[in-house]
Amino acid sequence: METSNRFLSRSEIIGFAVLAAVIFIVLPVALDTFRLNLFGKYLTYAFVAVGLVLCWGAGGILSLGQGVFFGLGGYCMAMFLKLEASTPENTAIQSTPGIPDFMDWNQLTALPAWWQPFNSLAFALLAVVAVPVIFAFIIGVAMFTRRVGGVYFAIITQAFAAILTILIIGQQGYTGGVNGITDLRTLLGWDIRTDEAKEILYYVNGVLLFAVLFAAQYVRKSKLGRLLIAMRDQEDRVRFSGYNVANFKIFVFCLGAAFAGIGGAMFTLQVGFMSPTLVGIVPSIEMVIFCAVGGRLSILGAVYGALVVNWAKTTFSESFPELWLLGLGGLFIAVVMAFPNGLAGVYAEHVAPRIAKLFNKSAGDDMPGAAKTPAE
Amino acid sequence: MTVHNPNFVLMVEGLTVSFDGFKAVNDLSFYVEPNECRVIIGPNGAGKTTVLDLICGRTKATSGSVNFKGQELLSMREDQIVHAGVGRKFQTPSVYEDLTVFENLELSYPKGHGVFGALTFRRDDPVKARIKEIAETIFLDDQLDEKAAYLSHGQKQWLEIGMLLIQDPELLMLDEPVAGMSVAERKKTAELLNRIIQDRSVIVIEHDMGFVEDIATRVTVLHQGKTLSEGSMERVQNDPKVVEVYLGH
Amino acid sequence: MSPGVNFDEVLGGDMSNKKPTNLNNGVSRRAVLAGGAAALTASLFTPKALRAADYPTAEVNTTGLAVTDDTVTIGILHSITGTMAISETGSVQAEKLAIEQINAQGGILGRKIEYIQEDGASDWPTFAEKAKKLLVNDKVASVMGCWTSASRKAVLPVFEQYNGFLYYPTFYEGLEESPNVIYTGQEATQQIIAGLDWVAKEKGAKSFYLLGSDYIWPRTSNKIARKHIENFLDGAKVVGEEYYPLGHTQFNSVINKIRLKKPDVIYAIVVGGSNVAFYKQLKAAGIDMTKEDPIVLTISVTEDEIRGIGGENIEGAYACMKYFQSLTNDNNIEFVKAFKEMWGDDMVIGDVTQAAYLGPWLWKAAVEAAGSFDVDKVRAATPGIELTSAPEGYVKVHENHHLWSKTRVGLAKADGQYDVVFETADLVEPDPFPEGYQ
Amino acid sequence: MFSDYSMSELGAIFAMQGFAGLILFSVFVLMALGLAIIFGQMGVINMAHGEFMILGAYVTYLMSNLFSAYMPGLFSAYFFVAMILAFIASGALGLLVEWAMIRHLYKRPLDTLLATWGLSLILQQIYRSVFGAREVGVTIPDWMMGSMPVTDLIEVPINGIFVMVLAVSISIAVYVLMFKSTWGRQVRAINQNRVMAGAVGINTEWTDRLTFGIGCGVAGVAGSAFTMIGSTGPTAGQLYIVDTFLVVVFGGAASLLGTIASAFSISQAQSIMEFFLSGSMAKVLTLLTIVGILMIRPQGLFALKLRK
């Protein structure tokens, strides 16, 4: 009890250290810039997966619309970068130079007012977090104070993903439509497409991921973390212990949205564009599976889940493109039916005891109800 | 709206709830005095649990009034009702099985109940001392680090009672606190209840007449959502209407 | 058989060389023979096969591309999975056919083409990722790939950054002219204007109802169509313009609106699964396209799409594009034969499939003109490259990297083929940034 | 927009637009009925619902080929055979899936959602491998394609009538099954109290399996019918899934009547908005309205108030 209240138990320190070593040393050493950039992209999904651990694993709130927040964060970043790329010199060929190319193609002759603030990097960075959070807050207030939960919540968030996708595609003069916002080049004059930039962005991404992981760890270790688990198991009891359950759900949903938004922004920076295919239902559900594969109760597991599934996707689809969907589908089913706690659960059940035996000590305590994760 | 009468902690008047036309509780009125232990009995389906649900806000009433120390509870949210000083124990023990006994009690500690309060809540010495104290009261001081899932049925009931005690409510509502307990546990629970009802008002739903006799100040008999009889245990037991309802069953 | 090509060597040597490609994957011996047969045709316009020895690797490849003394590796980047796989399959098949035929002829600068195929999985970030892999890791000399505008937009910065060379087969909205892309399909004005002129002149059409799936190609195309109708067709007008989400399957409302407006022409740019729903519902609503009241004119339905729609459901509609399978020139007859021998008799070939087939041939011609695989040299040699062997007839690469090509109007028949009812007299100049249409 | 038209023309258009709404209604009912049975009665989220529909469509495709090759004389009637086979094929697959997967997950509804999503991916790939990535064209008997002139101006599509008749008959069949048959009573008993139902001798395991199978079978019939109006390809099923779930949830999950009422209101709203707005905006507004109403009334249109 005393130890579990500490921010990091000994085994968790080891787990974080191992992940840090993997992200900051092993991957950069082992991979060329191209592959490293790919792993950087995978890691942006880890932001979403960590948020889902809090929402779904701890709080029991399954959102099938995390792509919405990932997308909103990514679009906010992309809007800034697009404006920077659309200098009058770069766009001289257009009928209206100085506005993004897709606006010109759609007969817009001036930058819409709501695009204007995105000329400022500070505003854009704020928006990356604030816009998803505001959206999540509105959805959260509407749903949680009405006590919508479980599968209903899942389906309605899915509907949001569908709505936003149709809107983005339909309003292409303002959003770039189905193509998304493409051809992003520089960040305050710094070319983000060079190999050097990609490496730097990879490290920035890693640092941000750790910031998010620490934030998530703090929440989990706080009383709020225990409350989430309590709510998942006995929502009424929490309510009759004097808590306004809705507020906590809204908070954790917004937190997950903020994480997803940051991930989306990093995606835009590393991949160089943002498109509605990252907003819709399919990517949203895939993000859930990253979390499930890693272990829905383990924040570190979620990171490994995002890495492993995406790496498998890339590898499989390079070698056996036709088998990839079978593999992914099978993975979904296997994780749900055989390994509900994902990689973290497998580690806790099969690997940790051996390590413990090896070192002749306990693998350490962990999050209540959680399978032991690589961290724990 | 009922005018508050300082002689009563809780005034229930004209309370009615209807589910698709079926009136589970029908124009029910009763009054609870300070430090009273009121036991509600009645056959299955009489609406006992529904009455508690209505008071603590779990079910929304169709009409009527529930006045607690001058506050109208029917218009308040569950957590506000708790903060007003009403505690509720459910029929089936509802504790957080994935958390330890200590954590179960800690979550009920009346501090840090807002989002940011919960984020910044510190497990300081007064908190630990208070939890220790409650744990002793409910016979679980040796099991503080045990996950609640591993407790016996009776111990879970105690834990839930402990979670209420730590809130120090003025009105405590217990739904069948000794259901499913062994004889020894039952005895211990009666002892526990007798101790904790000393300085607060209590509403208990119970079937076990021996137990009821042990603790009740007054008894209310519910039948089809209405008061059938009310008074001391002795009076109620001799009420012919009560006898008929129970024998009729 | 052209001199210098050892046919046995082609059969025995090249085809078993599977590393790093899966060239033989799913290709039977029959197909190999077909390749040989096609080589016969192809040789008509390549008078002599070039020998690798005349082109030392060090000279033809100064930028570290995947070129060896006997092979050159290119990439194929299309969706094998996901929603776009439906459309892109034909392009992959055509590209593989062209590669086989080129190899059967002796390859390019005496080198056999090997290919690495990547799956874009109908997902634009994946396209960008795979494009980068092909260029950076595999160092492919060129890439045949992409289908949707979105996938092209996603890979475009990658190709420009790493100086790759992409052959893009789809008819598209224009508004683009990249030094790193050759557009083998038509841009919007090429495809649209001739068809509108034809329907106005031949059919006397005065009022048009524009309909499309909701994304950039239909919207841009309809924009050009609208400008042309309003500014260049005498007294013609647009009476409605409407877009439905991709994948939409209920068109009864718009059909009713069309009845209300009574246009002479329904100008339809509906794509994918929506297409099937649209034409079936149009027919079921009693709009008999063979009666031409109204005329249905589309730029999005190739023979490929008709397989899903059902020929009987679209009979009587007109399509405007540059290629139809039913073209009767010799090039096309040979092409169709070779394609069916390689991929099966039940295959149909649409406009994009043919344009995809041009990709490897255009690249071959440009490389041979440049005498080098270096992208910069190939690019410099590309404008003016001609193909007399193209199934669609004669094509030529414009300065702006698009093709000069004829535009044709076909009348859909119940058997799923088009009857060509009109063809522009001359090649239409590609104009990706059309003045007066923006 | 109406000033150029005579009253009779307008009347005809509105009549036909109303009919378009009814067709959409029928489509929604067909999509949602199977799901309403599975989700409403069993609480199972079947994300592969669309793929079960597409299985029915592929069965129809195979039948159309078979009949045109071997029994061209009977071609005009093949559709009925195809629908029955579609029911059997999808239903049988449903039984198998329930046995292999769903029954282990009854206590974890969110996990069923993920597992069935995985199933949907696998089915899509299987369809792609078997039938090819391209859409297949299902030849519809001539008598089903075409329209029936009611007045000079009003024409009614025959396949629309067919879909409507089918929707009504299947609704009635499901209703009868649900409320008049032993199976229906058992399903409802299990839905209300699984333990008690088991105790009084209902084979809950088999009833669950049958329920899932019937739900999937109905999806198969719907898929078969949709070959008349939509496309048949490996990924076509995904197009339907969000709409279908919204219809069921909006109606109030446990209520068949609710599903029908919700299909009606959504289809009418969408078809009216489609007439006045562009298709994309109509879709967005419809979805937003549904979500908005669900926020105010999360239990859906028709939900029983129950004692907790």
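How many helices and how many strands does the secondary structure of chain C come to? The answer is 15 helices and 15 strands.

Quick housekeeping before we go on. This is a predicted model, where local features need pLDDT of at least 70, side-chain atom pairs count only at pLDDT 80 or more, and totals for chains, interfaces and linings use all residues. Residues are numbered from 1 along each chain as its sequence is written, while chains are lettered from A and ligands numbered from 1 in the order in which they are written.

Okay, let's stay with chain C. pLDDT is the predictor's confidence in each residue, from 0 to 100. For chain C the mean is 85, and 89% of the residues reach 70 or more. A word of caution here: where pLDDT is low, the predicted coordinates should not be read in detail.

I just said contacts, and two residues are in contact if their C-beta atoms, placed from the backbone, lie within 7 Å. Take the contacts in chain C between residues at least 6 apart in sequence: 73% of them join residues at least 24 apart. Chain C has 438 residues, and 66% of them are buried. Buried means 20 or more other C-beta atoms within 10 Å of a residue's own, exposed means 12 or fewer, and partly exposed is in between, again with C-beta atoms placed from the backbone.

Chain C also splits into domains, with bounds that come from an automatic or database domain assignment. Domain 1 is 7-184 + 327-404, and domain 2 is 188-321 + 407-423. Where they touch, 16 residues of domain 1 of chain C are in contact with 15 residues of domain 2 of chain C. On the domain 1 side, helix 4 (85-104) and helix 14 (351-370) of chain C give two or more residues, and helix 14 of chain C gives the most, with three.

Now, which chains share the most contacts, of the five pairs of chains in contact? That would be chains C and D. Their contact takes 35 residues from chain C and 38 from chain D. On the chain D side, helix 1 of chain D brings the largest share, seven residues. By class, that side has 17 nonpolar, 15 polar and six charged residues. For the classes, Ala, Val, Leu, Ile, Met, Phe, Trp, Tyr, Cys and Pro count as nonpolar, Asp, Glu, Lys and Arg as charged, and the others, Gly among them, as polar.

Staying with chain D for a second, an unreviewed UniProt entry lists several stretches as "transmembrane region", including residues 52-71 and 158-178 of chain D. Residues 52-71 of chain D are 95% helix and 0% strand, with end C-alpha atoms 27 Å apart. Residues 158-178 of chain D are 100% helix and 0% strand, and there the end C-alpha atoms are 30 Å apart.

Over to the other chains. No contact joins chain B and chain C, and their closest C-alpha atoms lie 38 Å apart. Chain B does touch chain A: 24 residues of chain A are in contact with 30 residues of chain B. Helix 9 of chain A supplies the largest share of the chain A side, seven residues.

Strands pair if DSSP finds at least two bridges between them. Strand 3 of chain B pairs in the parallel sense with strand 8 (residues 201-205) of chain B, over four bridges. Strand 3 of chain B also pairs in the parallel sense with strand 9 (residues 218-223) of chain B, over four bridges. Val39(B) has a bridge partner in each: Val204(B) in strand 8 of chain B and Val219(B) in strand 9 of chain B.

Last stop, Pro276(A). You'll find Pro276(A) in the loop between helix 11 (245-271) and helix 12 (281-294) of chain A. Why is Pro276(A) called buried? Because 27 other C-beta atoms lie within 10 Å of Pro276(A). Leaving aside neighbours within four places in sequence, Pro276(A) is in contact with Thr165(A), Ile168(A), Ile169(A), Val178(A) and Gly180(A).

Methods:
UniProt positions renumbered as here; feature names shortened; annotations may be inferred.
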